[in-house]
Structures are given as structure tokens and as C-alpha cells.
Amino acid sequence: MLELIPPRQGDRPVTTSANPHEQRSQNPSPEIYSVLKARAFNFQCIDRVPSRISVPGAEALWMHDACCHGPAEAFMVGNEFAHIHPEYDGSLHLALPGKVANELIQKGWGEPHPVAKLGLIPSTIIMVYAPRNHEEVDWVLKIIKASYEFAHGTDGKL
């Protein structure tokens with residue numbers, strides 16, 4: 001449940017305010033980034049593909065057509081519901097139900113996408129900050145799971 005996710009410790013990282021929307025501080029170590037990437041793509045009904053909307057090197061979680069039962073605002077482009085930025089950044093963009101996204105932002109785990117603030121993409125698309133340690137990897141994976149469930153149409157709550 002959402003209330004189980006604790007507030008993220010420390011200050012928010014520095015991020016860019018326009019596209020490309022990137023995290024500029026508190027980036028993950030190579031080890032933490034590798035752990036995140038090794039575990040993030042282990043959902044059924046998804047392919048690991050280059051992102052169709054992010055910077056070169058970003059990898060998307062792309063849901064199979066037969067599994068896309070969520071609303072249109074659960075996706076960024078096509079069947080891409082989440083992507084992980086390259087190692088120099090380590091943050092993610094993903095879609096979450098509005099209430100869940102707002103709660104995570106309040107708890108310091110992410111921020112609205114600047115393009116969503118302009119109304120050019122759904123407001124359900126947020127940046128989730130890169131994990132800094134193994135415990136944060138576990139929490140970020142729970143957030144990715146909520147995004148997966150939102151796209152799959154099964155739940156989308158944490």
C-alpha cells in the first residue's frame with residue numbers, strides 16, 4: 001500500500017526544468033544502477049526496448065499489446081509506460097494514477113514532468129529519482145510495479 005512507502009530521505013536532487021528532463025545530482029553508483037536495471041525488466045508481458053520518447057540510451061518497459069488494459073494516460077508513447085535513463089542520470093519517467101503520483105511527489109520520491117505541466121503529455125507522467133542505495137532500489141521497484149499494474153489495468157496502487 002502507498003502508505004508503506006516512507007518519505008525519501010534528504011534533499012531532492014537537482015533536475016532540469018525542460019526537456020530533456022534529467023537528474024543532475026544524487027545519481028546512482030554503477031553498482032546500484034546495475035542492480036536496478038537487472039531487476040526492473042522482470043515483469044511478464046513486457047519487452048526491454050530503446051525508449052521511443054527519451055534520450056539515447058534510455059531503455060523502456062514496453063507492454064505487449066495483449067496486456068495493455070490500462071487507460072491511455074498509463075502510457076507515454078505507444079505501449080511504453082516507463083523508461084530508465086542512462087547511467088549518468090539513473091532516474092526514471094513513468095505513469096502512475098494521479099493520486100499515487102501526487103503522494104510520491106509529496107514524499108520526495110519524484111516530481112512532475114515539465115512537459116506534463118504544459119499539458120502536452122498526461123499529468124500522470126512523473127520523474128522518479130534514481131535510487132542511491134539497495135533499500136531505495138527496492139522502493140523504486142515497487143513504484144515501477146505500480147506503473148506496470150496501471151498500464152496492465154490490474155491495480156496501479158502501491
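Good morning. A definition comes first: in this talk, a helix is a DSSP run of type H or I with at least four residues, a strand is a DSSP run of type E with at least two, and both are numbered from the N terminus. The structure before us is a predicted model.

Let us begin with the sheet. Six strands form an open sheet, and their order across it is β1-β2-β3-β4-β6-β5. The pairing is antiparallel. Which strands stand at the edges? They are β1 and β5, the latter covering residues 110-112. Each of these two has a single partner strand, so one side of each is left without a neighbour in the sheet. From one strand to the next, the twist averages 30°.

We may now look at some of the pairings. β2 and β3 are joined in the antiparallel sense over four bridges. L61 has A82, in β3, as its bridge partner. Four bridges also connect β4 and β6, again in the antiparallel sense, and here L92 stands opposite V128 of β6. Between β5 and β6 there are three bridges, in the antiparallel sense; the bridge partner of P112 is I126 in β6.

Helix α2, residues 98-106, lies across β5 and β6, and runs at about 125° to β5. Helix α4, residues 134-152, packs on the sheet and touches β1, β2, β3, β4 and β6. The direction of α4 makes about 35° with that of β4.

Helix α4 has 19 residues, and from its first C-alpha to its last it reaches 27 Å, close to the 27 Å expected at 1.5 Å a residue. As background, an α-helix has 3.6 residues a turn, so residues three or four places apart point the same way. How many of the residues of α4 are buried? The count is 14 of the 19, so α4 is largely enclosed by the rest of the structure.

Both ends of α4 can be described. After the helix comes G153, whose phi is positive, near 85°.

R132 lies in the loop between β6 and α4, and with a relative accessible area of 27% it is partly exposed. What does R132 touch, apart from residues up to four places away in sequence? Its contacts are R8, Q9, D11, Q26 and I32. A polar atom of the R132 side chain lies 2.7 Å from the backbone oxygen of Q9. The side chains of R132 and Q26 are joined by a polar contact of 3.0 Å. R132 and S29 are 103 residues apart in sequence, yet 7.2 Å apart in space, C-alpha to C-alpha.

This brings us to some backbone angles. Most residues other than glycine have a negative phi, and most peptide bonds are trans. Q26 is not a glycine, yet has a positive phi of about 55°. Q26 belongs to the segment before α1 and is partly exposed, at 27% relative accessibility. P20 is also placed in the segment before α1. The peptide bond between N19 and P20 is cis, with omega about -5°. C45 likewise is not a glycine, and its phi is positive, near 70°.

C45 leads to my last topic, the cysteines. A disulfide is a covalent bond between the sulfur atoms of two cysteines. How many disulfides does a search of the whole structure find? It finds one. This disulfide joins C45 to C67, with 2.1 Å from S to S. The pair links distant parts of the chain, 22 residues apart: C45 is in the loop between α1 and β1, and C67 is in the loop between β2 and β3. The relative accessible area of C45 is 24%, which means that C45 is partly exposed, whereas C67, at 9%, is buried. And C68? This cysteine is in no disulfide; the nearest cysteine sulfur, that of C67, is 7.1 Å away. C68 is partly exposed, at 24% relative accessibility.

Thank you for your attention.

Definitions and conventions:
Residues numbered from 1 in each chain as written. Predicted model: local features only at pLDDT ≥ 70, side-chain atom pairs only at ≥ 80, totals over all residues. Heavy atoms only, no water. Disulfide = S-S within 2.5 Å. Buried < 20%, exposed > 50% of the residue type's maximum accessible area, 1.4 Å probe, protein only. Pairing = 2+ DSSP bridges. Axes fitted to C-alpha atoms, helices over the stretch in contact; angles between N-to-C directions. Contact = heavy atoms within 4.5 Å. Expected span 1.5 Å × (residues − 1). Polar contact = N/O pair within 3.5 Å; in protein donor to acceptor, adjacent residues only side chain to side chain.
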